[in-house]
Amino acid sequence: MRQSHNLADLDIGVSFEFFPPKTEKMEENLWVAIERLAPLGPRFVSVTYGAGGSTRERTHATVARIVRETALKPAAHLTCVDASRAEVDEVVRGYWSAGVRHVVALRGDPVGGVGARYVPHPDGYASTPELIAGIRAIGDFEISVSAYPEKHPESPDVPADIQILKRKVEAGASRAIAQFCFDNDVFERYVDRVRAAGIDVPIVPGIVPVVNFTQTAGFARRAGASVPAWLAERFEGLEDDPVTRQLVAAAVCAEQVMDLIDRGYREFHFYTMNRADLVYAVCHMLGLRPKRPKPAAGAEAA
């Protein structure tokens, strides 16, 4: 049975993840999404990095523009795939010069994407803990890392995966952002195991609104995230009914987040897919409202 909460009293915190645009039209769509979600006051917004560092320049350009043109706090993704230490360090210094103070440190997927074998660059950082240490040596960044409630596809099992997370935290990570997971029982069991391993940094649940079920299910399989049968049933028969699909997606996402609130979670990381409407709707149901600009000094009340 759902608990009764006054959501306004719970200090709900959200963050939003975007990916850098490949085309002018995609850039326009990205900034429409940013402008729509920014008034909700996210704690930070992150910008991803493509497999093998393939979007390095676009990621930097996007976070630099966020710093210049908005009041948002950007978190830039950074990987060590297919790059030397000197090249990665140059990117880190570039972020610092652009005003970025938060990095999401990831080993990253190989150039071939999820499933391809990872081979460290001969002159590069071999792992995420090494990358974190390198970032720490350059500047006083806040550092977030990834966590995998159903384990990383390359990990032999969950305990081994948790030990990797522990090494990341020992190297200087201050927050873990979870891969999306549709089953809150699975997520909560994972957090219990993380705490039992002596890891005490925040583990922020990753939330993905299902804009397109087929695409999301395919991505989930590649990322090692399970798709419950009940979720497939919710979207069954809606392939050619985008209006109903959008309504169902909002309801499913809000239901998951509300249940996590009942379980005591207060911070959520939304994978936006550069689309704002579903995320905005769910945040509204969480009690978040646009922050109204303060009136200028001396301005009279209407």
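**A friendly note on this predicted model**

1. Let's begin with strand β1. Both of its faces are covered: G13, S15 and E17 are buried on one side, and V14, F16 and F18 are buried on the other. Keep in mind as you look that this is a predicted model.

2. How many of the residues of β1 are buried? The count is 6 of the 6 in residues 13-18, so the strand is largely enclosed by the rest of the structure.

3. Now look at the strands that pair with β1. Strand β9 (residues 267-271) runs parallel to β1 and is joined to it by 5 bridges. Within that pairing, F16 has F270 as its bridge partner. Strand β2 (residues 44-47) also runs parallel to β1, with 4 bridges between them. Here S15 is partnered with F44. To get from β1 to β2, the chain passes through helix α1 (residues 24-37), and this β-α-β crossover is right-handed.

4. F16 and F270 turn up again in the largest nonpolar core, which has 70 residues. Along with L78, L165 and F268, they are the residues with the most contacts inside that core. Apart from it lies another core, this one of 22 residues, including A75, F180, V210 and F235. As background, nonpolar side chains tend to be buried together in soluble globular proteins.

5. Leaving out residues up to four places away in sequence, L165 touches V145, S146, A147, A176, Y190, V194, I199 and I203.

6. Finally, a serine in a loop. S155 sits between β5 (142-147) and α5 (158-171). Is S155 buried or exposed? Its relative accessible area is 8%, and the cut-off for buried is under 20%, so S155 counts as buried. Setting aside neighbours within four places in sequence, S155 is in contact with D161 and I164. With D161 there is also a polar contact, side chain to side chain, at 2.5 Å.

Notes:
Residues numbered from 1 in each chain as written. Predicted model: local features only at pLDDT ≥ 70, side-chain atom pairs only at ≥ 80, totals over all residues. Heavy atoms only, no water. Core = buried A, V, L, I, M, F, W, Y, C linked by side-chain atoms within 4.5 Å. Buried < 20%, exposed > 50% of the residue type's maximum accessible area, 1.4 Å probe, protein only. Contact = heavy atoms within 4.5 Å. Helix = DSSP H or I, 4+ residues; strand = E, 2+ residues; numbered from the N terminus. Pairing = 2+ DSSP bridges. Right-handed = clockwise from strand over helix to strand, strands pointing away. Polar contact = N/O pair within 3.5 Å; in protein donor to acceptor, adjacent residues only side chain to side chain.
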